Amino acid sequence: MGSERLDGRLAEIHVPTLVVWGKQDELLPISSGERYAAGIAGARLVSFEKCGHVPPVEKVPEFLSAVTSFLDGGVTPAH
């Protein structure tokens, strides 16, 4: 749905942002996550191997680690 796309509004986001994405997401490809992270100033992208559309459910420990690190202001671990 074209009207649902966020691309044109990403630059309006001015808060620390963590973009999490499954590398095997079949609904929205990793390129979408990369585009979202690139469009938000200072955003960090964390992507998960062998993970589809729902990283919080599919990769619970890794997801929690990434979010906790982000909220603590640390470096988000690469996946």
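Visitor: Which element of the chain has the highest mean pLDDT?
Guide: pLDDT is the predictor's confidence in each residue, on a scale from 0 to 100. The elements are DSSP runs numbered from the N terminus: helices (H or I, at least four residues) and strands (E, at least two). Among the elements of the chain, α1 has the lowest mean pLDDT, 94, while the highest, 98, belongs to α2.

Visitor: What average pLDDT does the chain have?
Guide: This is a predicted model, in which local features need pLDDT of at least 70 and side-chain atom pairs count only at pLDDT 80 or more, whereas totals for chains, interfaces and linings use all residues. Residues are numbered from 1 along each chain as its sequence is written, and side-chain values use heavy atoms, with hydrogens and water left out. A score of at least 70 is reached by 87% of the residues. The chain average is a pLDDT of 89.

Visitor: What pattern do the helices and strands follow along the sequence?
Guide: The chain contains 3 helices and 2 strands. Read along the sequence, they follow the pattern β-α-β-α-α.

Visitor: Which handedness does the unit made by β1, α1 and β2 have?
Guide: The strands β1 and β2 run parallel and are joined by 5 bridges; two strands pair if DSSP finds at least two bridges between them. A crossover counts as right-handed if, with the strands pointing away from the viewer, the path from the first strand over the helix to the second runs clockwise. The β-α-β unit of β1, α1 and β2 is right-handed.

Visitor: How many of the residues of β1 are buried?
Guide: Buried means under 20% relative accessible area, exposed over 50% and partly exposed in between (1.4 Å probe, protein chains only). Of the 79 residues of the chain, 32% count as buried. The strand β1 is mostly covered, its buried residues being 4 of 5.

Visitor: How is the aromatic pair of W21 and Y36 arranged, stacked or edge-to-face?
Guide: The structure holds 1 aromatic pair. Its ring centres, those of W21 and Y36, are 5.6 Å apart, with the planes at 85°. Rings of Phe, Tyr and Trp (its six-membered ring) pair if their centres lie within 6.5 Å, with planes under 30 degrees apart counted as stacked, over 60 as edge-to-face and the rest as tilted. The pair of W21 and Y36 is therefore edge-to-face.

Visitor: How many residues apart in sequence are the parts that the pair of W21 and Y36 ties together?
Guide: Both W21 and Y36 are buried. W21 belongs to strand β1 (residues 18-22) and Y36 to helix α1 (residues 30-39), so the parts tied together are apart in sequence by 15 residues.

Visitor: Which residue forms a salt bridge with E49?
Guide: A salt bridge is a side-chain nitrogen of Lys or Arg within 4 Å of a carboxyl oxygen of Asp or Glu. The structure holds 2 of them, one being that of E12 with R9, whose closest N and O atoms are 3.6 Å apart. In the bridge of E49, the closest N and O atoms are 2.9 Å apart, and the partner is K23.

Visitor: In which loop does K23, the partner of E49, lie?
Guide: E49 is partly exposed at 42% relative accessible area, and K23 is likewise partly exposed, at 30%. E49 lies in the loop between β2 and α2, so its pair with K23 ties together parts 26 residues apart in sequence. K23 itself lies in the loop between β1 and α1.

Visitor: Which residues does I30 touch, not counting those up to four places away in sequence?
Guide: I30 is in helix α1 and is partly exposed, with a relative accessible area of 22%. Contact means heavy atoms within 4.5 Å. Beyond those sequence neighbours, I30 touches W21, K23 and S47.

Visitor: What phi does K50 have?
Guide: K50 lies in the loop between β2 (44-48) and α2 (55-58), and K50 counts as exposed because its relative accessibility is 74%. Most residues other than glycine have a negative phi. Although K50 is not a glycine, its phi is positive, at about 50°.
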